[in-house]
Amino acid sequence: MVEMFLDPLSLILSLIACALYFGDTVDARYVVLSLVVFSLSFPGSSLLSMRPRRVVRQCVINWMLIAFILLFFGYASQYIENFPIDVVVAWLVAAPATQLVAHFTARAYLKRSAAQVENQTRVIIVGCNDIGVQLAEQFAFNPFLGIHCLGYFDDRSTERISQLNGHPLLGRLSDLAAYVKTHRIDQIYLALPMASQPRILALLDDLKDTTASVFFAPDIFLTDLIQGRMDYVAGVPVVAVCDTPFTGINGLVKRSSDVVLSCLILLLISPLLLAIAIGVKMTSPGPVLFRQRRYGLDGREIVVYKFRSMTVQDDGAVVKQATRNDQRITPFGGFLRRTSLDELPQFINVVQGRMSIVGPRPHAVAHNETYRKLIKGYMVRHKVKPGITGWAQVNGYRGETETVDKMQKRIEFDLEYLRNWSIGLDLWIIVKTVAVVFKDRNAY
């Protein structure tokens, strides 16, 4: 509840403070703007469990998005002229600073409040298995939840359980209902295997005579979920295990941002594209563009454009990755590859709808057929369109992947991107890409 209102209120308070500081009257203009800001920022981001560095990044990115929307429509409608320029500039700087102060203040207060016994939620876990232990670890790791885990219930003896993880075994499943009644338990988490359905049903019947909230953590969540969530299909409850993040409004936001940014970038870099095309043509014989077959959305083949940087173009059953001091790379092509300028024609692919600006990098079809047999979950990265840049590339996995381990790490980052996608993460990747291009030594 605190986090839902923290961002909207801190932004509105910083706006009013800036107006008062510069002697402006807080009237209907500021009321209208405050309502717009509230609608754009509510509910606030949940940042309590994040590291401080990531909190700073998330607050700044969120504010950049809101500020861009406000400035764009403010200038388009000329409503921004109703506010003194000093107030606008001061607010643009003060707003994210106020957000950060509010978040870190709330973090300190809530952590201290959650540690008080009277504010804690008393919890027990049924099933001392991987899921049960993982729940207990997360409760201990996140003090802001205010959860006190008393221990486990399991039909196995302590001699057969190897992962109590510091919590006691409180009894057998048949003892659970009586324990809950006498120890004021607030929540119960059932971490039993789905094969134990009769035991679960019997247990639920016993717990109907208590006031404890009951949550089911089935063993399905031991798998690597991609966009895992509870959903309904024609009124039937289903659990999403592996899905794309770009459905509904998210898909519209992703596609709209791709088209707008790509068209703007192509317009701005058109002289550069022409200069590079002339350079490629003059420095080596062959076509200006290199067309290669890659896997796109849902594993369908697409054609990806790049400026040609090699004398030989591989696009068959066997494709050799570029290596350091590769004799196939032309001198001008080496410059293009080091600076990633050879990737610029892929903005055309984005406008065509074959790619996104941010997403897992597309691999040659031959590489896909090799690695999909070696790396578990390799093809899941194709649940989204491939990108010009990606989360793996800005985390050091750009360029040659000469070992399976390096490709494995690249895939792990790609899947992390699918699990945690947001428009803010896309913007952060774009910002980091600019820095990586100038200092990365893995591209050649």
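A residue counts as partly exposed when its relative accessible area falls between the limits for buried, under 20%, and exposed, over 50%. In this predicted model, Pro 168 has a relative accessibility of 39%, and is therefore classed as partly exposed. Pro 168 sits in a loop. That loop runs between strand 2 (147-153) and strand 3 (169-171). Leaving aside residues up to four places away in sequence, Pro 168 touches Leu 150, Gly 151 and Tyr 152. Tyr 152 is 16 residues from Pro 168 in sequence. In space, the two C-alpha atoms are 6.4 Å apart.

Empty space inside the model was examined next. Rolling a probe the size of a water molecule over the atoms shows where such space is left. Across the whole structure, two cavities of 30 Å³ or more were found.

The largest cavity holds about 50 Å³ of space. Its lining consists of Val 2, Glu 3, Leu 6, Leu 47, Leu 48, Val 55, His 103, Ala 106, Arg 107 and Leu 110. Helix 1 (2-21) and helix 4 (85-114) each contribute at least two of the lining residues. Helix 4 gives the largest share, with four residues. By class, seven lining residues are nonpolar, one is polar and two are charged.

The second largest cavity has a volume of about 30 Å³. Tyr 295, Pro 360, Arg 361, Pro 362, His 363, Arg 381, His 382, Val 384 and Pro 386 line this cavity. Five residues of this second lining are nonpolar, two are polar and two are charged.

Note on methods. Residues are numbered from 1 along each chain as its sequence is written. This is a predicted model: local features need pLDDT of at least 70, side-chain atom pairs count only at pLDDT 80 or more; totals for chains, interfaces and linings use all residues. Side-chain values use heavy atoms; hydrogens and water are left out. On a 1 Å grid over the protein atoms alone, a cavity is a set of points where a 1.4 Å probe fits but cannot get out, and a pocket is an open set with protein on both sides within 12 Å along at least five of seven lines; lining residues have an atom within 4 Å of a point. Grid points are joined across faces, edges and corners, and a volume is the space filled by probe spheres set on the points. Ala, Val, Leu, Ile, Met, Phe, Trp, Tyr, Cys and Pro count as nonpolar, Asp, Glu, Lys and Arg as charged, and the others, Gly among them, as polar. Buried means under 20% relative accessible area, exposed over 50%, partly exposed in between (1.4 Å probe, protein chains only). Contact means heavy atoms within 4.5 Å.
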